[in-house]
Amino acid sequence: MAANYEEMMKAKGFLPYHLDTLPAKFIQIAKAELGETDEIRRVTLEKFRKRILDDKKLKCLTDDKFLIQFLRVRKYDVNKAMGLIHNYFNLITSYPHFFEALDKEKMYKLASSNFFNILPYRDNEGGLVITIKMGK
């Protein structure tokens, strides 16, 4: 049964939940909608990283994978990405009880309660599909 499901989903062109690399389709979308190219990504990441390191109040990760999220959301505008990363860290520092000392037992209980499920394949546009069971 599971093998048939996987074959059917692959035949329809659905992407699996785990992706090691960005498919060509999404590279084209990023280029068209964000203006993202290898050169733009490299140059803008350098500028963004420098701005973050120069900001003595901001202590955050500076690896490409982390920073690219903020740049993509703000279409590679470094000033807007800086605003977003400041807001992100203001939220974390303003409400630390939401982000620190998570109760591992409660998290495990939630994860095993079947309250939500992540489907093994993505939708046609590459988004994850999560189902929530409201009765739970």
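The structure is a predicted model, in which local features need pLDDT of at least 70 and side-chain atom pairs count only at pLDDT 80 or more, whereas totals for chains, interfaces and linings use all residues. Residues are numbered from 1 along each chain as its sequence is written, and side-chain values use heavy atoms, with hydrogens and water left out. Helices (H or I, at least four residues) and strands (E, at least two) are DSSP runs, numbered from the N terminus.

Helix α5 comprises residues 78-94, and at 1.5 Å a residue its 17 residues should span 24 Å, which agrees with the 24 Å that separates its end C-alpha atoms; the expected span is taken as 1.5 Å times one less than the number of residues. The buried residues in α5 are V78, A81, M82, L84, I85 and F89. These residues cover an arc of only 165° around the axis, and therefore lie on the same side of α5, the arc being that of the directions from the helix axis to the C-beta atoms. On the face of α5 turned away from this buried side, the exposed residues N79, K80 and N87 are found.

In helix α4, the residues F66, L67, I68, F70 and L71 are buried, and their cover includes α3 and α5. Two packed helices are described by the angle between their axes and the distance between the axes. For α3 (residues 38-54) and α4 (residues 64-73), the axes come within 10 Å and cross at roughly 100°, which makes α3 roughly perpendicular to α4. Here the axes are lines fitted to C-alpha atoms, for helices over the stretch in contact, and angles run from 0 to 180 degrees between N-to-C directions; angles under 35 degrees count as roughly parallel, over 145 as roughly antiparallel, 65 to 115 as roughly perpendicular, and the rest as oblique. The contact is formed by R41, T44, L45, F48, R49 and I52 on the side of α3 and by D64, L67, I68, F70, L71 and R72 on the side of α4. By class, the residues of this contact comprise seven nonpolar, one polar and four charged, where Ala, Val, Leu, Ile, Met, Phe, Trp, Tyr, Cys and Pro count as nonpolar, Asp, Glu, Lys and Arg as charged, and the others, Gly among them, as polar.

The loop between α4 and α5 holds K75 and also Y76. Just after α4, K75 takes a positive phi of about 50°, in a residue other than glycine, and Y76 likewise has a positive phi, near 65°, in a residue other than glycine. With regard to accessibility, K75 counts as exposed because its relative accessibility is 54%, whereas Y76, at 9% relative accessibility, counts as buried.

D63, in the loop between α3 and α4, is partly exposed, with a relative accessible area of 35%; D63 and D77 are 14 residues apart in sequence and 18 Å apart in space, C-alpha to C-alpha. K31, which belongs to helix α2 (residues 24-34), is also partly exposed, with a relative accessible area of 48%. When its neighbours within four places in sequence are left aside, K31 is in contact with E36 and T37, and the C-alpha to C-alpha separation between K31 and Q69 is 15 Å, for 38 residues in sequence. In helix α3, L53 counts as exposed at 52% relative accessibility, and the C-alpha atoms of L53 and L91, 38 residues apart along the chain, are separated by 20 Å.

Key:
Contact means heavy atoms within 4.5 Å. Buried means under 20% relative accessible area, exposed over 50%, partly exposed in between (1.4 Å probe, protein chains only).
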